[in-house]
Amino acid sequence: MSDEKNLPVKSEDEHGTAVEVAEPIPDPGLEPHEPRITDIDPKAADRVERQVSGMFGLATLLVIGSCVAYFAIPRDSIIEFGPLSGNANNMVIGLCIGLALFLIGAGAIQWAKKLMVDEEISEERHAAHSSPQQIAEITEAFQQGTAESGFTRRKMIRNSLIGALGVLGLPAIILLRDLGPLPGRALYNTIWAKGIRVVNDVTDRPIKPSDLVVGQLVNAAPANLAPLQEESAVEYQNAKAKAAVIVVRIKPSEIRTKPGRENWGVDGILCYSKICTHVGCPISLYEQTTHHVLCPCHQSTFDLSDSAKVVFGPAARPLPQLPLAVDSEGYLVAQSGFHEPVGPSFFERG
Amino acid sequence: MSTSTEFPGPVKWVDDRLGIAKIGKKNLRKIFPDHWSFMLGEIALYSFIILILTGTFLTFWFKPSMAEVEYQGSYSLLKGLHMSEAYASTLDITFDVRGGLLMRQIHHWAAVLFIAAMMVHLLRMFFTGAFRKPRELNWLIGFGMLFLGIVEGFIGYGLPDDLLSGTGLRITNGMIQASPVVGTYMNFFIFGGEFPGDDFVSRFFIVHVLLIPGIILALVTAHLFLVVYHKHTQYAGPGRTQKNVVGYPLFPVYTAKAGGFFFVVFGITALMGALMQINPVWLYGPYNPAEVTAGAQPDWYMGWLEGSVRIFPGFESTFWGITLSWNLIIPALIVPPAFVTLVALYPFIEGWITGDKREHHLLDRPRDVPTRTGIGVAFITFYAMLWIGGGNDLIATHFNLSLNHVTWFLRFAVILGPILGFWIARRWAISLQRADHDRLMHGLETGVIMRSPEGKYTEKHQPISTYEAYSITARDRLVPHEIGPETDENGVRAPRRALNKARAALSRFYFADAVQKPTAQELEEAHEHAHDADEIHELTEDTETYREVTSDRS
């Protein structure tokens, strides 16, 4: 090999900065084929044949086994076998079918690897682009078609067609308008209002201040939520998604009250929206000693003794607080609805 | 074997109508190269087929409706509870349809595998440079499928309407709501009003079983067509060039191997479905917007998005009566799409930087393009840091760490990690290149130590085989893009000078420090030198001649 051949040579492309060079070592060509044991020894080949057909045979038995299991194993029987516990019917059917499929596949691959001819073949590649002659032909044909249609010459036809097709997009969008109602004030309101009792969200019983000891947190709901369920399941779910609250009792001396909220609590009992101000998960993990409540979805942490301000995590706003009072029968009620929208932020929230 | 010029009866019937010999002639013995890393895409394809089969089975019983029913099936713990028909029918499939639980679990495992296989396949494409011309479009098609696969998986996760899936949708709802201007409206249109409403299961169902699978199927077809048209890439090696493809024929070798591999993948997912529990929806209960389970995790492919919103600090701006929730806009609406777009456009970015316009059918070894490998590792590190963020609570509880510390660590690691990852991977690749270079120039270390009469110790090296040496050198010699002189001969400044300068600088950075393969002359000199060393061994008995040789050289 002469020296000049080894210098980097620019390829023909204008921007060809990766360069074609003569290889320092000439291509020695494909490595010689090495025969496998199955190519040389007929006994080994016969052994592989038995292996492969053995796998296929076993697969047949397993498939039949899965059909038997379907009918033979009661649908509610349980297998208890350490970590392998579960529904016996599903498990045995799955095991049989899974193993059968695996064996069919393994047999076919073994057949290909051990018995089929394994001499590598070289096939030519062609550039992806068309040949100049093809390009010339198609260009000519296209130009002829364009000329025959008059598409470029009769501009009025062309432009009006583009216009007509363009506006077709409008009904495609407008027809989707009824996918849902407009938001309106929906996100600003909950079913909380003046005088609505605070009820335990499991028992639906109204809560008296004396029911709560210091350090206790109760998941609660408005008393007018449960009756909604009878009326409409969807109204009930939608209302619940906004109205869920937590009621917590904190030693009054540990509470730092925000100006204007002095009378929002009852003997250290405070009520906050349960819906995280980040993306709307129900917050749920309460730590008594620090008064912190944590959202399990993204770990936003709020300090309930300090107007539920954010102490950590991705949330930006405190949990909205519901002003509490006690009604004539001594039960906790809301003084009013929430003073701000609950749940995650939205653009027009302000 | 006698060659017949006429098909037997039934085949003739088909050929008379379709001309199958004309189509089959080219493709029946089409050559595909053999390498384990070429199977990753196959896994994705096969899991997609498994998803269609098992998914069809599930639709026979699943009721995509949010109408409220009282559960009366055979799972006694939830008996009498009010729930949506979707959740109730999922319980029926699980407990009352024989093989139903199995199919549900195969479906879910195959979905997890589908996306994992696509992603690993994508990494293989990336690190071997398989995305280069002429395959950029197929890279984009693949990206489209990965994106749709993730959306598809997430929507499928939401269909059973259990507590966990509802929570996932609640989070999605909150993220959409953070979009400036249109967020609230989009939510009301998607969910048919307020969350949760009673529309999303039936709407998501049709998207999940018809719309997205249909698009993916079309893309799969295009993807495979292009693989056949371009012919498969291959690793460089003796006899394997840009102009050929070396391997085994489609019929019979790949019919058996790839067909067999489909059964293997199906078999393994079936065994997973039989033995490994996934998404036990009956334990979570029906969706209740006031409840949530602690330590809940989405499917793995959603983890990085979850992590992104978890570790972002709580920034929000309120002015002129509007609210901009940066804590969602940035980590959920800007960063993930920007990252995905960057990776999707990488082939074009690299092509522009390197100025490479040629077709490539030989794959790069990752070490031979150190900067690309470094960028790939940076992408992986970025993704991994966000992904770890998605489990920050589990990491904190499992390793007894403070959740706040884990989160703060990740806030920095997500920026510094990729830089560090880039640098380490790039240097690592360059070191591997140097090791290759040494191997090529000086041969193998034999472990045989020789002593010269002067007492100098050297290790005997043995040249590597021509085949190996060729494989090591069969790669491009890459030089930075040059931009030519500032002004042409008439003194006119070249257009877009600043852009071209930036491009040249990037190009220099791209190729800086990479080890070039030796020229034939360098290789020859190195081998002569090695030959000298061997002669030392032979000449040690004849001290005089040896001295002569050494004096010559000094």
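Predicted model: local features only at pLDDT ≥ 70, side-chain atom pairs only at ≥ 80, totals over all residues.
An unreviewed UniProt entry gives the annotation "transmembrane region" to residues 52–72, 92–112 and 161–180 of chain A. Residues 161–180 of chain A are 65% helix and 0% strand, with 33 Å between the end C-alpha atoms.

## Domains of the two chains

Chain A is split into domain 1, residues 37–114, and domain 2, residues 186–349. The centres of domain 1 and domain 2 of chain A, taken over C-alpha atoms, lie 57 Å apart.

Chain B is also described by domains: domain 1 covers 38–289, and domain 2 is made of 427–481 + 496–553. Here the C-alpha centres of domain 1 of chain B and domain 2 of chain B are separated by 50 Å.

## The Rieske span and a sheet in chain A

The feature "domain: Rieske" is placed at residues 242–333 of chain A by an unreviewed UniProt entry. This span is 2% helix and 30% strand, and its end C-alpha atoms lie 17 Å apart.

Chain A has an open sheet of 4 strands in the order 5-6-7-8, with antiparallel pairing. Strand 5 (198–200) and strand 8 (269–273) of chain A each have a single partner strand, so they stand at the edges and one side of each has no neighbour in the sheet. On average, neighbouring strands of this sheet are turned by 40 degrees against each other, direction ignored.

Within chain A, 5 bridges join strand 7 (residues 245–249) to strand 8 in the antiparallel sense. Ile246(A) has Tyr272(A) in strand 8 of chain A as its bridge partner.

## A sheet built from both chains

Which strands, in what order, form the open sheet of 3 strands? The order is 4(A)-5(B)-1(B), and the pairing is antiparallel. Why is one side of strand 4 of chain A and of strand 1 of chain B left without a neighbour in the sheet? Strand 4 (121–124) of chain A and strand 1 (31–32) of chain B are at the edges because each has a single partner strand.

Strand 4 of chain A runs antiparallel to strand 5 (residues 244–249) of chain B, and 4 bridges join them. Ile121(A) has Gly247(B) as its bridge partner in strand 5 of chain B. Helix 10 (residues 250–275) of chain B packs on the sheet and touches strand 1 and strand 5 of chain B. The direction of helix 10 makes about 70 degrees with that of strand 5 of chain B. Another position in strand 5 of chain B is Asn244(B), which stands opposite Glu124(A).

## The contact between chains A and B

The contact takes 97 residues from chain A and 114 residues from chain B. On the side of chain B that touches chain A, helix 10 of chain B gives the most, with 18 residues. By type, the residues on this side of chain B comprise 55 nonpolar, 39 polar and 20 charged.

Note on methods: Residues numbered from 1 in each chain as written. Chains lettered and ligands numbered in written order. Pairing = 2+ DSSP bridges. Contact = placed C-beta atoms within 7 Å. Axes fitted to C-alpha atoms, helices over the stretch in contact; angles between N-to-C directions. Nonpolar A, V, L, I, M, F, W, Y, C, P; charged D, E, K, R; others polar. UniProt positions renumbered as here; feature names shortened; annotations may be inferred. Domains from an automatic or database assignment.
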